[in-house]
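Have the model open alongside the text.

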Amino acid sequence: LNPGVREPEIKVLLVEDEPAFAELLQEVLRHDRASCFALTCAESLRDTQRRLREDRFDVVLLDLSLPDQCGLRTYTEAHAGAPAVPIVVLTGSDDETLALQAVRDGAQDYLVKGQFDGRTLSRVIRYAIERKRAAEALRESEEFFRLISENVTDLIAVIDCEGKRLYNSPSYKSILGDPSKLPGTNSFEEIHPEDRPRVERIFRDTIATGVGQRTEYRFRLRDGQVRHVESQGSAIRDENGRPAKIVVVSRDITEQKAAVEALRTALADVKKSHEDLEATQQQLIQSERLQAVSTFAAGVAHEVKNPLQTIILGVDYLAHTLVGGDRTADLVLADMNNAVTRANAIIHGLLEFAASRPRAVVEADLNQIVAQSLHTVDSEMQMHPITLQQDLRGGLPPLRVDIKALKHVFIHLFMNSVRTLAGGGTLSVKTYAQRLTAADGQAALKPRGSLRLGDEVVVAEVEETFSNSAPGKSPPTNGIGAGLTVLKKIIELAGGVIDIRSRPGQGNTITLLFRVQSKQLP
Amino acid sequence: MNKKRILIIDDESSITRLLKLNLEKTGRYEAREVNTSSQALPAAREFRPSLVLLDIMMPDMDGGDVAAQIQSEPGLKSTPIIFLTATVKPEELERRGEIIGGFTYIAKPLNVKGVLSVIEKTIGA
């Protein structure tokens, strides 16, 4: 020790009811060269407790036999008065067992009266103070880490090289139950069987290399619940530098995963709505374009009428002028008349189409439109040997269409079928809903036009079949004829497509598909 | 027998010419053609038609106005007028209802047989 440097004064509370021994100790301590002691004396437990309350001491020298208390209780009660102050027990040679008991209960040391010198006393006091300080620091540090590990939501675990659990923080309670029952159990047991081999491999790698890894996996709990966890392992090395334990810090990311999933779904929904909106916008643009075309068509039809009028009147005049004349001229005039009649029919169609715009688009039931259209052509159908087969499925999602225009389409189609089947046959009309798939056996039900894969569609299928007794009468090649362009436009406007297929020698199959807006899906 | 006089008013001269030829060819009618609405009233005053065939849409004047002019003339007040219309759209006819109201109209394109039958129905053969 360097005699030039005096340590700070050590405040000692001496509890001793024998004045002679107290005096002796005072004398001994006063002459100590290493430390400077400031001594205060107390003669009873009550006096001791009062002084401990009123002042701060670095150490207590405590005789266990006092007038108001004796034995181990003297220690216990003195210690309770100031738990942070180290206590050195003073005892007679016959009482060493008691002194040892006090040490076990937290006293720093003991001295047997009459068996120590000044140097020993000084050393015991200083060591007691140091030990207590170190113990306090350790206790504080432990308390600090205990507080952290008890309050973090992260899952902290320590496992040995075999994968057995050594420690699990209280936060494990929500996943694995009471953490105090976990030590010694297999830390891989609750890991989802699909993830377990991978996590075990990472564990072995960490043991082998000493380098931890971050990974995600699932816990499958006893109640069947699955929790997603993200873990980071770190190796703790032994004195030889070999990884001995693994500390695993994990986070329950189940909610986070669910949120990400929900976000992904929401994003997909937004994307789908956006596509729907775009499709609607396209329809709108098309409808505006169509209206411009209508206006134009009306103008053209009107303008064409006058020259057509001249030709009609001219043909009429020539027909009368040539009466009784050239037969060839008669035929030519008849052809011209026919041609003019056809041109006139086209103009008529154009004007009708022009007049059909714009109309309100409303929610409508396809079955109702089909049934009403069939009703309209009923009398016409009755005049021919045609059998009508209907299979209109109930519960079809509603369509957003121009009802009048769509009825026009069906009436036109049915009238055409009646003409085609005039010699006898079966007209089959079916409606149903379905989702478009790429692999659909029926070519007509494959996505095309504005229809995409996976779209929910409402389908109307019109099938014409000649009866066996009236075969051969070929279907009119221009059956739907000039009107088809107009029909196609109306169907497109309703978000649909039309498919016409000829079954040679049997008749035609006409399929109409209408896209159902996604929000109308059940 | 006196031929009935038909005044044909239409801005298309080819149409008026052919209508005139066809009507006169029957031997029962004498026709006069007018191709602008401004000539309509003077022609009517002078020609004193038994019936007027009047195009409802002409570039310089509406057929309805021409009809009103003709019928406001004391001597022409009871002259029947048949409108020729190129518009077959029902709403168009409805819109023009106040002009056409009470009058017969023939939709273009018309053929001679149709025109003759309407004329005969109106003023007799």
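## Terms and basis

Two strands count as paired if DSSP finds at least two bridges between them. Helices (H or I, at least four residues) and strands (E, at least two) are DSSP runs, numbered from the N terminus.

This is a predicted model, in which local features need pLDDT of at least 70, side-chain atom pairs count only at pLDDT 80 or more, and totals for chains, interfaces and linings use all residues. Residues are numbered from 1 along each chain as its sequence is written, chains are lettered from A and ligands numbered from 1 in the order in which they are written, and side-chain values use heavy atoms, with hydrogens and water left out.

## Chain B: overall make-up

Chain B holds six helices and five strands. Read from the N terminus, the order is β-α-β-α-β-α-β-α-α-β-α. The chain has 125 residues, and 46% of them count as buried. Buried means under 20% relative accessible area, exposed means over 50%, and partly exposed lies in between (1.4 Å probe, protein chains only).

Contact means heavy atoms within 4.5 Å. Take the contacts in chain B between residues at least 6 apart in sequence: 65% of these join residues at least 24 apart.

## Chain B: the sheet

The five strands of chain B form an open sheet, ordered β2-β1-β3-β4-β5, with parallel pairing. The twist from one strand to the next averages 20 degrees. For such angles, axes are lines fitted to C-alpha atoms, for helices over the stretch in contact, and values run from 0 to 180 degrees between N-to-C directions.

Helix α1 (residues 13-25) of chain B packs on this sheet and touches β1, β2, β3 and β4 (81-85) of chain B. The direction of α1 makes about 175 degrees with that of β2(B). Helix α6 (residues 112-123) of chain B lies across β1, β2, β3, β4 and β5 of chain B. This helix runs at about 135 degrees to β3(B).

## Chain B: strand β3

Strand β1 (residues 4-9) of chain B runs parallel to β3 (residues 51-55) of chain B, and four bridges join them. B:L7 stands opposite B:V52. B:I8 has B:L53 as its bridge partner. Four bridges also join β3(B) to β4(B), again in parallel. There, B:L54 is partnered by B:F83.

How many residues of β3(B) are buried? Five of the five are, so the strand is largely enclosed by the rest of the structure. Both faces are covered. B:L51, B:L53 and B:D55 are buried on one side, B:V52 and B:L54 on the other. In a regular strand the side chains alternate between the two faces of the sheet.

The loop between α2 (40-47) and β3 of chain B contains B:R48. B:R48 is not a glycine, yet has a positive phi of about 50 degrees. Its relative accessible area is 41%, so B:R48 is partly exposed.

## Chain A: the sheet

Chain A has an open sheet of five strands in the order β2-β1-β3-β4-β5, with parallel pairing. β2 (37-42) and β5 (109-112) of chain A stand at the edges with a single partner strand each, so one side of each has no neighbour in the sheet. Neighbouring strands are turned by 20 degrees against each other on average, direction ignored.

Six bridges join β1 (residues 10-15) of chain A to β2(A), and the two run parallel. A:V15 stands opposite A:A42 in β2(A). Helix α5 (residues 118-151) of chain A packs on the sheet, touching β1, β2, β3 (59-63), β4 and β5 of chain A. The direction of α5 makes about 165 degrees with that of β5(A). Helix α4 (residues 96-104) of chain A lies across β4 (87-91) and β5 of chain A, at about 165 degrees to β5(A).

A:R53 sits in helix α2 (residues 45-54) of chain A. This residue counts as exposed because its relative accessibility is 65%. A:R53 and A:G81 are 28 residues apart in sequence and 7.2 Å apart in space, C-alpha to C-alpha.

A:R503 belongs to strand β16 (residues 496-503) of chain A. Is A:R503 buried or exposed? A:R503 is buried, yet has no salt bridge. A salt bridge is a side-chain nitrogen of Lys or Arg within 4 Å of a carboxyl oxygen of Asp or Glu. The nearest side chain of opposite charge, A:E463, is 4.3 Å away. Here Lys and Arg count as positive and Asp and Glu as negative, while His and the chain ends are not counted.

The side chain of A:R503 does make a polar contact with the side chain of A:T509, at 2.7 Å. A polar contact is a pair of N or O atoms within 3.5 Å; within protein, one must be able to donate a hydrogen and the other to accept it, and residues adjacent in sequence count only if both atoms are side-chain atoms. Leaving out residues up to four places away in sequence, A:R503 touches A:E463, A:E464, A:T465, A:N508 and A:T509.
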